[in-house]
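Q: Could you walk me through this model? I have a few quick things to ask.

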Amino acid sequence: MDRVEDEVLVRRVASGDERALAELYDRYAGLVYGTGMRYLGDRETAEELVQDVFTSVWKNAAGFDPARASFATWVYRITRNRATDLIRRRKARVQTVDDQPFRESGETDPSGELSRNFDVAAALSRLSPAHREVLVLAYFHGFSQREISDRTATPLGTVKSRTTAALRALREIMSLDE
Amino acid sequence: MSEHPDIRDLLGPYVMGALEPHEEREVEDHLERCASCREEARELRLAHERLADLAYNVESPPPDLKVRVVARIPRREARRRVPSWVTAVAAAFCVLAVLAVLLTPDLFGGGALASADLSPTDRAPEAGGEVSIRGVGENMEMRLEAWGLPPCKREQYYELWLVEGDDRVSAGSFTVGRSGRVDVRFNAPSFADSYPKVGITAEHDKDPRASDTKMLSGELHEL
């Protein structure tokens, strides 16, 4: 099955297509949730961040301009801004209760690492299904090359060469985007 | 230099540290002599580091969060002008369609051949769940994620069924604790994805047939 570009899905979201929103969720929710866990520190607020981000994507999809930024960049900005809002809100609440300064870096993604992660997620979503599969199984499920071979019923040598080709394709996509 | 193409194919697993020791030595010996492969390995290592960094920062959200996100998005104004019966039918199709892609191959799941959204019965109106079926070698694996199920009492358990008409084939049994949640995988035969429906019943004896206590059910959709 061919992968539909993020930007095409946003257009569908703008016309009210909930399946397109679900597809974008599949591609980015793990990263948004991981960002919430990392910067906000608890599951409940991380879930609130995911809810806020995808509600914002739904509401503002019509205003998204692919000529100005990729979807990954757009959703990164939404995530960063919403995470910062949630940090501030919690900081205010904690200071009211304890009258103590809230220990927080105060800035979400000062090193730009989060931004890079969204770019890599976007590049990964643009790989062919076969290339994406070997990388997802290796990096996100922690499978060895032999385990991937067993799970996908693919010869071990093919898994190794496909992994190399997939990393090469990912690097090329990232280079084009830089 | 006849080894060059073979070694080049191994450079990905090499930068990931995923080769056998003897293969790793072969690659390193080759890299000492081959500038183009060294450059290729350097490029691949950059991709590997970015990907490893992404994997470190990604975390799987709770399985029911997606359903909650889609359920809570504000409906578009235009839809409210549609006659209510059309809305109801469209909503039913829409929900099925959205839930059919819940386990579509993606960054953090991957490889599912069929999936089903599980709808509750009166016995567990707050319950919900998803079943996905994926190929593993020559067989299948079924993954069940469910929530909101009543905790099992002593000697009580739940059973997952593949359903076609009046025929039922057990896919496995499980228990649920106080969380009401379960995330389990079962081995399944290679034709598991050919069944049109799946269901979960509550069981409390050793009768191998399905009881009448249905808790969740759903239609399997090919992905």
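**Working through the model**

A: Read along its sequence, chain A follows the pattern α-α-α-α-α-α-α-α, with helices (H or I, at least four residues) and strands (E, at least two) taken as DSSP runs numbered from the N terminus. This is a predicted model, in which local features need pLDDT of at least 70 and side-chain atom pairs count only at pLDDT 80 or more, while totals for chains, interfaces and linings use all residues. Residues are numbered from 1 along each chain as its sequence is written, and chains are lettered from A and ligands numbered from 1 in the order in which they are written.

Q: How many helices and strands are there in chain A?
A: Chain A has eight helices and zero strands.

Q: And what share of chain A is buried?
A: Of the 178 residues in chain A, 45% are buried, where buried stands for 20 or more other C-beta atoms within 10 Å of a residue's own, exposed for 12 or fewer and partly exposed for anything in between, with C-beta atoms placed from the backbone.

Q: Switching to chain B, where does B:Ala210 lie?
A: B:Ala210 sits in the loop that links strand 7 (197-203) to strand 8 (214-219) of chain B.

Q: Why is B:Ala210 classed as partly exposed?
A: Because B:Ala210 has 17 other C-beta atoms within 10 Å.

Q: What does B:Ala210 touch, then?
A: Leaving out residues up to four places away in sequence, B:Ala210 touches B:Glu159, B:Trp161, B:Arg168 and B:Thr201, a contact being two C-beta atoms, placed from the backbone, within 7 Å. B:Arg168 is 42 residues from B:Ala210 in sequence, and their C-alpha atoms are 7.5 Å apart.
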